[in-house]
Amino acid sequence: MRILLTNDDGINAPGLYVLEKIAAQFSDDIWICAPHEEQSGAGHSLSLNRPVRLRQHAEKRFSVTGTPTDAVTMGLRKVLPAPPDLILSGVNRGANLGDDITYSGTVSAAIEGALAGVRSIAFSQVYSKEDVGEDVSFDAAETWGAKVLRPLLDMPFTERTLINVNFPPRPAAEVAGVRVARQGFHDYARGSLIESRDPRGFPYFWFGLHGIEHTPGHETDLEAIADGFVSVTPLHLDLTHDASLAALRACYAR
Ligand code: MN
């Protein structure tokens, strides 16, 4: 089984090494093509107004000076000798849950894989407010990663779908299990907006992630993580709101 690994935290991110350890339990044909620098929050953006550079770090280890979508595209079109059987993205440093997944470079890399017809899975390690900076632990992801991945490989692959996995912010031994849940939602009281002045006195603004009020319950990924489970959510790329189709058609038929 040929596996392509990528992420949005960059080629040197600790979570990518965790992902390598997970993937190594399934294959020895592992290729890495990841962004050269951190691209968290890049969503599904594709670089169109500047060139990207491909850099080789080892035999099957490459980085791309671009977004996660650029990295997957380069992996599929240029780096790998043949299409992979599996694309894994992550392990992201931080949650990709509920409404936030459209910001996610990690999930978007898996979306790009799904569009290319390859089974694709995004992995993210949620961390608590106390664990910040260098202190974020990937213990739950490292221990539970293979357990979560194995059954997914036995499932038939459905075109244009992907799987979003989040590991809860607790030690592996305290993880409650795996729960399949739907995508959640939260109040759009967005995180913090930090406002200050740079060393030369000019104002700047910086989006923060803390303070986002999630709305758990409703059997969602957010609730699964709050309950200490690994959340597994199937996603698909058709964003059509079926319930509105008939009403909209009626609108224009008048
Ligand atoms: Mn990230």
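Me: What makes Asp 8, Asp 9, Ser 40 and Asn 92 donors of the manganese ion?

Reply: In this predicted model, Asp 8 (OD), Asp 9 (OD), Ser 40 (OG) and Asn 92 (OD1) lie 2.1 to 2.2 Å from the manganese ion. Donors are N, O and S atoms within 2.8 Å of the metal, so these protein atoms count as donors.

Me: How are the donor residues of the manganese ion spaced in sequence?

Reply: The spacing is D-D-x30-S-x51-N. Ser 40 and Asn 92 link distant parts of the chain, being 52 residues apart. Ser 40 sits in the loop between strand S2 (29-35) and strand S3 (54-58), while Asn 92 belongs to strand S5 (residues 86-93).

Me: Why is Ser 40 called partly exposed?

Reply: The relative accessible area of Ser 40 is 39%.

Me: Why is Asn 92 called buried?

Reply: Asn 92 has a relative accessible area of 6%. Buried means under 20%, therefore Asn 92 is buried.

Me: What makes strand S11 (residues 229-236) mostly covered?

Reply: Six of the eight residues of S11 are buried.

Me: How do you know that S7 and S8 each pair with S11, and in which sense?

Reply: Two strands pair if at least two bridges are found between them. Strand S7 (residues 161-167) and S11 have six bridges, in the antiparallel sense, and Ile 163 stands opposite Pro 234 in S11. Strand S8 (residues 177-180) and S11 have four bridges, in the parallel sense, with Arg 179 opposite Ser 231 in S11. Both pairings therefore meet the criterion.

Methods. Residues are numbered from 1 along each chain as its sequence is written. This is a predicted model: local features need pLDDT of at least 70, side-chain atom pairs count only at pLDDT 80 or more; totals for chains, interfaces and linings use all residues. Side-chain values use heavy atoms; hydrogens and water are left out. Donors are N, O and S atoms within 2.8 Å of the metal (3.2 Å for Na, K and Ca); water is not among the atoms, so sites may look incomplete. Helices (H or I, at least four residues) and strands (E, at least two) are DSSP runs, numbered from the N terminus. Buried means under 20% relative accessible area, exposed over 50%, partly exposed in between (1.4 Å probe, protein chains only).
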